[in-house]
Structures are given as C-alpha cells and as structure tokens.
Amino acid sequence: MNITRQEIEDFLFHEGELLDEFKLKEWAALFASNGTYVIPPIGNPDADFKKSLFFVHDDRARLEQRALRLLKREAHVEYPHSTTLHNVTNVRIVNNEEDAVKVRCNFSTYRTKREVLDNYVGVNEYILVKENGELKIQSKKVILKLDSLRPHGKVSIIL
C-alpha cells in the first residue's frame, strides 16, 4: 500500500484525539468492516483467545457495541467519563504490502477518574487497509507492558 509514515502518524494521532474527546462512534468508524480490537493477557501477547482470557476481544460489531455502551449513563464505570490523554510514539512500519500495512507503535494512555491517575503503557500493533478509498484499521492489538492492572484488574476505557 502506498502510504507514508507521516500519513500513518496523522491517522493514529486522530484516533487518539477521538478517544480523548469520547467520540467513540467516530472511533469505531475508523475500523474496517472486518476490523478487530484485542487486548491479550498481560505477559502473553500471542495468547490464543480460545484458550486464554483476554481483556478485550472484539470484532467490528462488538467494538461498535462497546463504544455505544460506554456513551450511556448506565455504564457506571465510565459515567461521568474519565479524562484521558492518548500518546503515540515510535511509529514504525513493520511490513508494507500491496493491500495492507503493518504498524507498531508505543503508547502511553493517562486516565484520571475520581482523583486517581492511572497510566497504561505498551505497544500497539495495527494492520491498516484501504476500504472505499479510506484508511481503516483491520486489526488493533494492544499489548500492555505492565506487571498488573490496578486497582480493579480491568480496562474500562478504550486504549
């Protein structure tokens, strides 16, 4: 696919901005029709979802439902919404083929809620494709580089 690292960075920065502004419907629209969003277990990024418990393992329909649910008042864990700041660094193209580009980047996501600051750090692995002439996420894997999640052992925001 003919795409530059600058175009990829702009796309990833836009994704982070949508998440920070809690524009979750727009975030879900960044995914291809067969898009996936996964967060494997800490310390086991290559885990098989059929044998391991993932924090998140969403296909396109499920990630859209996740986005809509987090926008509702009934989603008590995220209402009122957390304040987040998504940072993306060290963007690199791992593989650039005719129909898809594989990208890795480091991330740090800060979340404040009820006077508590949490920081999630790790590596994002993307496969980006063109769909109807637009850049889309075919897959996003969030590899957390943490010893554990505190205090509740869950991820209630979209990383």
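**Close-up views of a predicted model**

**View 1. Strands β5 and β6 pair in the antiparallel sense over 10 bridges.** The model shown is predicted, and its local features need pLDDT of at least 70, side-chain atom pairs count only at pLDDT 80 or more, and totals for chains, interfaces and linings use all residues. Residues are numbered from 1 along each chain as its sequence is written, and side-chain values use heavy atoms, with hydrogens and water left out. Strands (E, at least two residues) and helices (H or I, at least four) are DSSP runs, numbered from the N terminus. Two strands pair if DSSP finds at least two bridges between them. Lys130 stands opposite Leu135 in β6. The two strands form a hairpin with two residues between them. In this turn, Asn132 has a positive phi of about 55°.

**View 2. A hairpin is also formed by β4 and β5.** The pairing is antiparallel and runs over 14 bridges. Thr109 has Tyr120 in β5 as its bridge partner. Two residues lie between the strands, and Arg114 in the turn has a positive phi of about 50°.

**View 3. Six strands make an open sheet with mixed pairing.** The order of the strands is β2-β1-β6-β5-β4-β3. Which strands are at the edges? They are β2 (56–59) and β3, each of which pairs on one side only. On average, neighbouring strands of this sheet are turned by 20° against each other, direction ignored. For this angle, axes are lines fitted to C-alpha atoms (for helices over the stretch in contact), and angles run from 0 to 180 degrees between N-to-C directions. β1 and β6 (residues 134–144) run parallel and are joined by four bridges. Val38 stands opposite Lys141 in β6.

**View 4. Ring pairs link Trp27, Phe31 and Tyr37 into a cluster.** Rings of Phe, Tyr and Trp (its six-membered ring) pair if their centres lie within 6.5 Å; planes under 30 degrees apart count as stacked, over 60 as edge-to-face and the rest as tilted. The whole structure has two aromatic pairs. The ring centres of Trp27 and Phe31 are 5.0 Å apart and the planes stand at 75°, so this pair is edge-to-face. For Trp27 and Tyr37, the centres are 5.4 Å apart and the planes are at 80°, so this pair is edge-to-face. Trp27 lies in helix α2 (residues 24–28) and Tyr37 in strand β1, so their pair ties together parts that are 10 residues apart in sequence. Are these residues buried or exposed? Trp27 is buried, at 0% relative accessibility. Phe31 is buried with a relative accessible area of 0%, and Tyr37 is buried at 0%. Buried means under 20% relative accessible area, exposed over 50%, and partly exposed in between (1.4 Å probe, protein chains only).

**View 5. Glu21 is found in the loop between α1 and α2.** Its relative accessible area is 41%, so Glu21 is partly exposed. Glu21 and Arg73 are 52 residues apart in sequence and 16 Å apart in space, C-alpha to C-alpha.

**View 6. The second largest pocket holds about 170 Å³ of space.** Rolling a probe the size of a water molecule over the atoms shows where empty space is left. On a 1 Å grid over the protein atoms alone, a cavity is a set of points where a 1.4 Å probe fits but cannot get out, and a pocket is an open set with protein on both sides within 12 Å along at least five of seven lines; lining residues have an atom within 4 Å of a point. Grid points are joined across faces, edges and corners, and a volume is the space filled by probe spheres set on the points. Among the residues that line this pocket are Tyr37, Ile39, Phe55, Arg66 and Lys154. β1 (31–39) and α3 (60–70) each supply at least two lining residues. α3 gives the most, with three residues. The lining divides into eight nonpolar, one polar and three charged residues. Ala, Val, Leu, Ile, Met, Phe, Trp, Tyr, Cys and Pro count as nonpolar, Asp, Glu, Lys and Arg as charged, and the others, Gly among them, as polar.

**View 7. The largest cavity has a volume of about 60 Å³.** Its lining has 13 residues, and His86, Val88, Asn124, Lys140 and Leu159 lie nearest its centre. The largest share of this lining, four residues, comes from α1.
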